[in-house]
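My notebook for this one starts below.

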Amino acid sequence: MNAILRLVMGDAQADRVVPPTGFTARLTLFASGAMAFLTVFALALSLASGRLADRWAEELARSATLRISAPADQMAAQTEAALTVLRQTPGIATARALSNEEQAALLAPWFGPDLPLDQLPIPQLIEIIEDENGFDAQGLRHRLTAEVPGATLDDHTRWRKPLVDAAHSLRRLGWISILLIGGAMAAMITLAAQAALAANRQVIEVLRLVGARDTYIALAFVRRFTIRAFLGAAVGAGLGVLGVALLPAASDEGGFLTGLGFQGVGWLWPAFIPPLGGLVALLATGAAAQRTLRGLS
Amino acid sequence: MIELDQVAYSYGGGELLSDVSIRLTPGSFHFLTGPSGAGKTTFLKLCYGELRATSGQVRAFETDMRDLDRDQMAMLRRRMGVVHQDCRFLDHLPLADNVALPLTVSGRDLAQEQANLTELLSWVGLSNRASALPPELSGGERQRAALARAVIMSPDVVLADEPTGNVDWEMSQRLMQLLIELNRMGKAVLIATHDLGLIRAAKSQVQARVLRISNRRLQLAGADL
């Protein structure tokens, strides 16, 4: 506890006994800054993927389509029979047969706006919206097979699952990237700290000779590297946030790539990066200092 | 205070010290002599725990050094003043800060110790060099500074390895006087030196035992001194 307090408050005398550490200082600043910058993007990717996975899962899971392919003279009867079945099925909030105009609009991208639907054997589509409980797709299929032979239920599972899985994978990839970045940062700071400790071996020996305790010596190094890592990470995270803020805003036209930024409280996440960077440096330098000090008498 | 009991020390397959037994009691004054490479520095390092005895027991302040953890060893060293032959310093700190280093690491208020520091620097003739960095000091100045650092905490034991090797006769007598004053205050002093003249001069002022390391063993020196 005392050591933590001294780490936070600092000890001007202890800070002075450790000489300036030159390139290791710059390495720590640069490494933590670069890693924090990358972490912001990995975080943005992860959060955006999460949002996308949730939205896709929610939107697609709440709708289904019933397609009725029947001879023209039976189409109206089968459609009505299907709507009756759907209205009786628990878990379905609404079921609605699409009008000719709506079906024509769906086909317009492929066949143009002047498609004569009434002259073509186009299946009738029924849009199904689930309630919060959802419906039993398998049970509904069995009933439709018996009562509406021309009906085919598409609950979007077939193409919804790979999409949602892909979004979840992207989110996982983002988090793994953050872990790897944290590990790489710890490794770089450990190397920098070890270099600084090795370069100052004689200083440490003198301090031990005059009665300095390991905690005193370690804290002087740990504090220095922790502060540098924190500052480097703060600058890196700040630049990263600026970069994310300059990305194009989310839009339907731009698809997934324009939705990479943070949203709402998500903007607060990067604020955790500098303290975490400092914590990584504290643990890495502390471990390196303990190892070095144990090697001295 | 410091007691070595049948201590041996080996390094690289060869035995450097064998069957060494001695007690440094409060108020005792010892000189340690012997040819170069005889093991004087090794003996001192065993006394302050920089080296661990291969066999036998080293006790400091009633504690077996093998039982001490690293923090306890640090606390023990605050009660010892050590002058290294190579006078190690922190090269980025001015001389005054180097001399005050034992006070700094033990958390003493340097402002309160300023008068002692000034007096000590004056005693060793370094008042006008207080702000100099160690690389700027001559060999003699470094030795005087090392001795000042060793005694600033008024330690119970002073262990000095050739503390007057690079200073002139007058200054060496002055430094000896400082050690003799400490000894009169009840501190144990052990000085490793080649300088037989220094030993003879000191023996006229203080009751000192002269030890010699010869053939890896510690012996009481005879009438040649």
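**Entry 1**

Which residue in S8(B) does Leu32(B) stand opposite? I looked it up, keeping in mind that this is a predicted model. The residue facing Leu32(B) is Ala192(B). I then checked Phe31(B), and its opposite number in S8(B) is Ile191(B). Both pairs belong with the pairing of strand S3 (residues 29-33) and strand S8 (residues 188-192) of chain B, which is parallel and runs over four bridges.

Next I went to the other neighbour of S8(B). Strand S7 (residues 157-161) of chain B is joined to S8(B) by five bridges, again in the parallel sense. Here I noted Val157(B), which stands opposite Ala188(B).

Zooming out, I get an open sheet of six strands in chain B, ordered S6-S7-S8-S3-S9-S10, with mixed pairing. At the edges I find strand S6 (80-83) and strand S10 (217-220) of chain B; each has a single partner strand, so one side of each has no neighbour in the sheet. The twist from one strand to the next averages 20 degrees.

Is S8(B) covered on one face or on both? Both, as it turns out. I listed Ala188(B), Leu190(B) and Ala192(B) on one side, with Val189(B) and Ile191(B) on the other, and all are buried. That makes five of five residues buried, so I put S8(B) down as largely enclosed by the rest of the structure.

**Entry 2**

I moved on to another open sheet in chain B, with four strands in the order S2-S1-S4-S5 and antiparallel pairing. Strand S2 (14-24) and strand S5 (63-64) of chain B are its edge strands, and each pairs on one side only. As a reminder to myself, strands of a sheet pair through backbone hydrogen bonds.

How many bridges join strand S1 (residues 2-11) of chain B to S2(B)? I find seven, and the two strands run antiparallel. One pair I wrote down is Tyr11(B), whose bridge partner in S2(B) is Gly14(B).

Then I asked what lies across S1, S2 and strand S4 (55-60) of chain B. It is helix H1 (residues 40-47) of chain B, running at about 125 degrees to S1(B). I checked burial along H1(B) and found the helix mostly covered, with six of its eight residues buried. These are Lys40(B), Thr41(B), Phe43(B), Leu44(B), Leu46(B) and Cys47(B). I made a note of Lys40(B), a lysine on the buried list. Just after H1(B), I also flagged Gly49(B), with a positive phi of about 85 degrees.

**Entry 1: chain A overall**

In chain A I count 10 helices and four strands. From the N terminus on, I read the elements as α-α-α-β-α-β-α-β-α-β-α-α-α-α. The radius of gyration is 31 Å, well over the 19 Å the globule rule gives for 297 residues, so chain A is more spread out than a compact globule. Along the principal axes, the C-alpha atoms of chain A fill a box of roughly 105 × 40 × 25 Å.

Buried residues come to 34% of the 297 in chain A. I also looked at contacts in chain A between residues at least 6 apart in sequence, and 87% of them join residues at least 24 apart.

**Entry 2: where the chains meet**

**Entry 3: the cores**

The largest nonpolar core has 127 residues, and Ile189(A), Ala193(A), Phe221(A) and Leu159(B) have the most contacts inside it. H9(A) gives this core its largest share, 15 residues.

What does Ala193(A) touch, leaving out residues up to four places away in sequence? My list reads Phe221(A), Phe225(A), Ala284(A), Thr285(A), Ala288(A) and Ala289(A).

Terms used. Residues are numbered from 1 along each chain as its sequence is written. Chains are lettered from A and ligands numbered from 1 in the order in which they are written. This is a predicted model: local features need pLDDT of at least 70, side-chain atom pairs count only at pLDDT 80 or more; totals for chains, interfaces and linings use all residues. Two strands pair if DSSP finds at least two bridges between them. Two residues are in contact if their C-beta atoms, placed from the backbone, lie within 7 Å. Axes are lines fitted to C-alpha atoms, for helices over the stretch in contact, and angles run from 0 to 180 degrees between N-to-C directions. A residue is buried if 20 or more other C-beta atoms lie within 10 Å of its own, exposed if 12 or fewer, and partly exposed in between; C-beta atoms are placed from the backbone. A nonpolar core is a set of buried Ala, Val, Leu, Ile, Met, Phe, Trp, Tyr and Cys residues joined through C-beta atoms within 7 Å. The radius of gyration is taken over C-alpha atoms; the globule rule is 2.2 Å times the number of residues to the power 0.38.
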